[in-house]
Amino acid sequence: MSTVKLTVNGKAVAVDVEDRTLLVQLLRDHLNLTGTHVGCDTSQCGACVVHMDGRAVKSCTMLAGQADGASITTIEGIAKGDELHPMQAAFRDNHGLQCGYCTPGMIMSAIDIVHRHGGQLDEATVRTELEGNICRCTGYHNIVKAVLDAAGRMKVSQAAE
Amino acid sequence: MGVEGIGARVVRKEDKRFITGKGRYVDDIKLLGMTHAHFIRSPHAHAKVKGIDSSAALKMPGVVAVLTGQQIVDDKVGNLICGWAITSKDGSPMKMGAWPAMAPETVRFVGQAVAVVIADSKNLARDAAEAVVVNYEELPAVADMQAAIKAGAPQLHPEAPGNQVYDWVIGDEGATDAAFAKAANVVKLDVTNNRLAPNAMEPRAAIADYDAAEEHFTLYTTSQNPHVARLVLSAFYNIAPEHKLRVIAPDVGGGFGSKIFIYPEEMVALWASKKIGRPVKWTGDRTEAFLTDAHGRDHVTHAEMAFDANNKITGLKVKTYANFGAYMSLFSSSVPTYLYATLLSGQYNIPAIHAEVVGVYTNTTPVDAYRGAGRPEASYLIERLMETAARQLKVDPAQLRRTNFITQFPHQTPVIMAYDTGDFNASLDAAMKAIDYAGFPARKAKAKADGKLRGIGVSCYIEACGIAPSKAVGSLGAGVGLWESAEVRVNPVGTIEILTGSHSHGQGHETTFCQLVAERLGVPISQVSIVHGDTDKVQFGMGTYGSRSAAVGLTAILKAMEKMESKAKKIAAHALEASEADIVIENGEFKVTGTDKAIALPMVALAAYTAHNLPDGMEPGLKESAFYDPTNFTFPAGTYICELEVDPGTGKTSFVDFVAADDFGRLINPMIVEGQVHGGLVQGIGQALLEHAIYDANGQPVTASFMDYAMPRADDVPSFNLSHTTTLCPGNPLGIKGCGEAGAIGASAAVINAITDAIGKNNLEMPATPDRVWRTIHAA
């Protein structure tokens, strides 16, 4: 057992876990943050994507201990109160989700994509960048639309800040 | 149409919880004292279980129990059933071997459970499973369907000699033979419909909680049809009588058919929960999903189509071998028979059809309904045949289809189905216009100059949806009725709850079903809640599959609404001292037509519940229910056209354009309908280009993770150009046909027709991987 100290959605936490505990298990089982999902166990589907120190990571493929000292943001931590993150709003407005299972990981990956590419996003880039997130419901059509829409909204909201 | 009524692109009510991480899936639920199950699964495709030594595991801290197949048999938990009886051509019933929830003696596919470890945590259960020693005696296995039916093949079940489940026929063999005898041209085709893994993104899961004091079970499960699960668990598996078993299907992360069935894991969790006196949770991992979720498709077919001198189809002969895997799953028997062969007429006037289907056991995961279920296989076969015929007869493939379209409705096909309505020319026209079919030759020539092989492929699909009426499916062998139920509750304050037997696992019922209420009453959808997925809350219902929830489920809601409105009008008329016939409902008010007299819905509801001043003899309350059983299947149809390029150097396919023109009858929410089509198209494209559940000759699965099984990803597929042509379905009052499966039914033929057009060779099996395409291009 080890104590892992980290910041999750802005709150400092210390959790005693078995050394083999995965980050996703710490989030789901110990902190009850069940918005982060497990879909494949092999780092392929991206349902488990969270941000570690601002970068998208697959939380099913790293040990909780590797996040010691890090700042983790999950799907539960991106809205400001009742105000949705622009990516969340874009997924809703563009019908970018159906069953909702892949959605948290999609949104967390998509935010990272927009951050890394800034205003340089087009459909082909979004599709290439989403290669690590699998959705079985939407056929990606509306997810791609949502990400492009959100990229515009995020630029606007950054400009306003 | 109001802003939230029928036809409006209303943003989904359910989305907020999913985009904020507040969805509640089975694995998100924790119960006090909950234990965790880990199944011990056979690594062999066929073996005798000679012994299970769990002594070391039981000594490990945190291990609660190790339970075996023999124990579940001893406790008289029922074997898994197949709910649709099929009769062979010789009159004999289908031949089935027993399928116990955990194998006591013989395992017949890799992944079949022989025992389960129950422990305080998931990790402890996994650790302990490693310490359980199962002694197997390997038996010869057969995974390939053609090998399984050969003399001398390993035999799976003594009940099914030759590994044959049934040999079933449909249609008029004499008339078909006569048509072929007179044919001017005969087109022949051999087609394999590749085996697929459904792969809903949420793996299956179950939590069973037994209350010893009440002798009552609660099951949280990933189900598309919780009432059907309760019925089967109760009536056939002896788990508990129905009133002592509550089944809850909370948020469910996709189904595509694979979550219709009641699986061994739910049965074992319930049984184990009672045995150990604590809640038991099981959550599958992705490899377990590949090993145990019912697979789809897996047909091998030889077909011949006869044409007269005018290129009119005169006859169709089909012989199909359908792989069922090692056991007959819940509705498996109906998929290659009544859901497949009854659609072999496609969109075409075919006077004579004869089809024979042989169901085969192999040492592989059971096969059952997967998005489209039989109809994709039929559509793929017919549309590949039409394309092959056009090439052989040297006519334009779109024109050959047009020559043979059914244009008069109703149309009785030779294979049971009576198409009620449609306009196949309209959807073909719309799709050809959208893709600029006429301009294709010029584009092909330009691509050739750039070193690319460009192709175009047409697919005109039809499907039978709604999966009803009960009397008809009953006469064909179904063990259940296929109606749907609804209850409308107007609360005393005027808000509305709709209880539906349909189940949403991505389809957006919480929005679309509210839109019907908004349309009829003029109230905002925020005043309406949809209640589903819990057998303690909702009346018995049949669940969601077969594109039935709008055509059948929503119509049941309409019927209940009509009853409620009739009563509410009486109350309003009484309060307004007007004639009931003069009351109209607008904007949430009951108005006396032609006057300014009105009473708002909340006041009518309050009057119904205070019952101070109701018409004489009227019961208090405002709550009505309905069961709706349609008169026919519905027949969504449409045309998909795909234009793509093949790189002759690599065999890689790139999409140029993909258009879809669908006729779904009335659309409730076009945004949601389009989403259903997008998803279906990608599953069809996935089958055509990427997906294949493969076994080696010994029955070892080769594709048991996303590392090996190629799921369609965002960069594998295009964006789509969708349109709708509409003929209203006459079979239900809303005119709805259903949209959930169309994409998966029509897309794969369009892709393969386009690739084979591009490369100029007709024979190409799915999935058309670059390797396979390159070899086909360069084959002698």
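Predicted model: local features only at pLDDT ≥ 70, side-chain atom pairs only at ≥ 80, totals over all residues.

Biologist: Which residues have the most contacts inside the largest nonpolar core?
Modeller: They are B:V116, B:V117 and B:I557, in a core of 312 residues. A nonpolar core is a set of buried Ala, Val, Leu, Ile, Met, Phe, Trp, Tyr and Cys residues joined through C-beta atoms within 7 Å, where buried means 20 or more other C-beta atoms within 10 Å of a residue's own, with C-beta atoms placed from the backbone. Helix α16 (residues 549–576) of chain B gives the largest share of this core, 13 residues; helices here are DSSP runs (H or I) of at least four residues, numbered from the N terminus.

Biologist: What does B:I557 touch?
Modeller: Leaving out residues up to four places away in sequence, B:I557 touches B:A486, B:V488, B:I498, B:T500, B:F513 and B:L516. Touching means C-beta atoms, placed from the backbone, within 7 Å.

Biologist: New topic: how many residues does each chain bring to the contact?
Modeller: Chain B brings 41 residues and chain A brings 44. On the chain B side, α18(B) supplies the largest share, 7 residues.

Biologist: And how far apart are the C-alpha centres of the two domains of chain A?
Modeller: They lie 22 Å apart. The domain assignment, automatic or from a database, gives domain 1 (2–73) and domain 2 (86–154).

Technical notes: Residues numbered from 1 in each chain as written. Chains lettered and ligands numbered in written order. Buried ≥ 20, exposed ≤ 12 C-beta atoms within 10 Å, placed from the backbone. Helix = DSSP H or I, 4+ residues; strand = E, 2+ residues; numbered from the N terminus. Contact = placed C-beta atoms within 7 Å.
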